Amino acid sequence: MKFGILKERKSPPDRRVVFSPEEIQRIQQQYPTVSFKVESSDIRVFIDTQYENLGIEVSNDISDCDLLIGVKEVPVANLIPNKSYFFFSHTIKKQPYNRGLLQAILEKNIDLYDHEAVVDTHNQRLIGFGKYAGYVGTYNAIRAFGIKFELFKLPKANTLKGKEELIAYLKRIVLPPLKFVVTGKGKVGMGVKEILNAIKVKEVPVDNYLSKKYAQAVFTQIDVLDYNKRKDGQVLDFQDFVQNPQDYISDFERFTKVSDIYITGHFHASEAPVILTREMLQSKDCKIKVVADISCDINGPIASTVRVSTIEEPLYGYLPSENKEVDIFHPAAIVVMAVDNLPCELPKDASEGFGEMFLEHVIPAFFNGDKESVLQRAKITESGKLTPRFSYLQDYVDEE
């Protein structure tokens, strides 16, 4: 079997790759029947010669490969008909901007596997870049606070070598006794927690966080039942929330009254209540100064996220009273960080970490008959049709 590693072609440029040279070498040692060809790239974090020095073929033509593996979406013009692809297609939530991509994949008889659909039997994701988004989002949140209040200056994350250098810079500054609230306990939330733990921000229970004052910086990490409540006042379980999100409203305001920095690491279903509303932000009791929206859903659960920001210009101000963007130094502005491709700021760390997960959870499936159905669950299209698992996308595909 021959795997091809794609050059990333999306704009803005993405320097990540699914496998580092050393990881490809490990796979070839573990599975001697597999071979690799890497598409030449002038932007990849690992340069062509790093692959060639380990005996891995680099070429401008990888059309002879059986499976083509990338990170982000492949532009329609670059899709090779009748091939198998593995990348983040950003179509499984019916994203309008990628409808044409999925239509083209079906028309070109491409078998598509999606990284986002690599899940276990409980539908829990097995691979992703979430942890790295958490690392950078936390760094950017603290950097934003320093800029807004002219307390300290931190370099941009994408100018640093990796996670350890992010932590080293954060350890050099003295934080005031800030309160950080973090939503979500998945991979993003765990990445946030890892950074806060590394710089000795103390984690405290929800009740203490809401009621006590501290002489040092603290954080609390909360899950859906901490920031949502049933409209009828009943106290039920997570399963009830999942099954009946329409019966809930946000209870996040109790956190806005005591928090300085809000870092989002949650998953938000479309039916679930808005978490941080305009009314909460407009309240005189609102203490939030920075919102680092790692989840970054426009017109979504975080009212201050009025647009996506960029790695080049990661921050903007939000004026709650007028629900509009303003300069971050406006006296009444909340600083918003809403970069939607944060892992790109740590391309080496993110690539190596993703490759390890892919090697552990996906590669074996190609050689064991997919005995755990990992590939079957991840496959969106086959032989010009949607697979049964993704048949719900048919109306999305049929739209003009």
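A residue is called buried here when its relative accessible area is under 20%, and exposed when that area is over 50%. The model is a predicted one, and in its helix α3, which spans residues 99–107, the buried residues are R99, L101, L102, A104, I105 and L106. The cover over the buried residues of α3 includes the strands β6 (111–113), β17 (379–382) and β18 (385–386), together with helix α14 (394–398).

After α3 comes N109, which has a positive phi, near 60°, and the loop between α3 and β6 also holds I110. I110 counts as buried because its relative accessibility is 0%. Leaving aside residues up to four places away in sequence, I110 touches L79, I80, P81, N82, K83, Y85, I105 and T381; T381 is 271 residues from I110 in sequence, yet their C-alpha atoms are 7.0 Å apart.

Turning to the sheet, 8 strands form an open arrangement with mixed pairing, in the order β8-β9-β7-β12-β13-β16-β14-β15. The edges are taken by β8 (202–203) and β15 (324–326), each of which has a single partner strand, so one side of each lacks a neighbour in the sheet. Strands β13 (residues 290–293) and β16 (residues 334–337) run parallel and are joined by 3 bridges, and A292 has M337 of β16 as its bridge partner.

Helix α4 (residues 130–148) lies across β7 (179–183), β12 (261–264), β13, β14 (315–319) and β16, and runs at about 155° to β13. Helix α6 (residues 187–198) also packs on the sheet, where α6 touches β7, β8, β9 (218–222) and β12, with its direction at about 165° to that of β9.

Conventions: Residues are numbered from 1 along each chain as its sequence is written. This is a predicted model: local features need pLDDT of at least 70, side-chain atom pairs count only at pLDDT 80 or more; totals for chains, interfaces and linings use all residues. Side-chain values use heavy atoms; hydrogens and water are left out. Buried means under 20% relative accessible area, exposed over 50%, partly exposed in between (1.4 Å probe, protein chains only). Helices (H or I, at least four residues) and strands (E, at least two) are DSSP runs, numbered from the N terminus. Contact means heavy atoms within 4.5 Å. Two strands pair if DSSP finds at least two bridges between them. Axes are lines fitted to C-alpha atoms, for helices over the stretch in contact, and angles run from 0 to 180 degrees between N-to-C directions.
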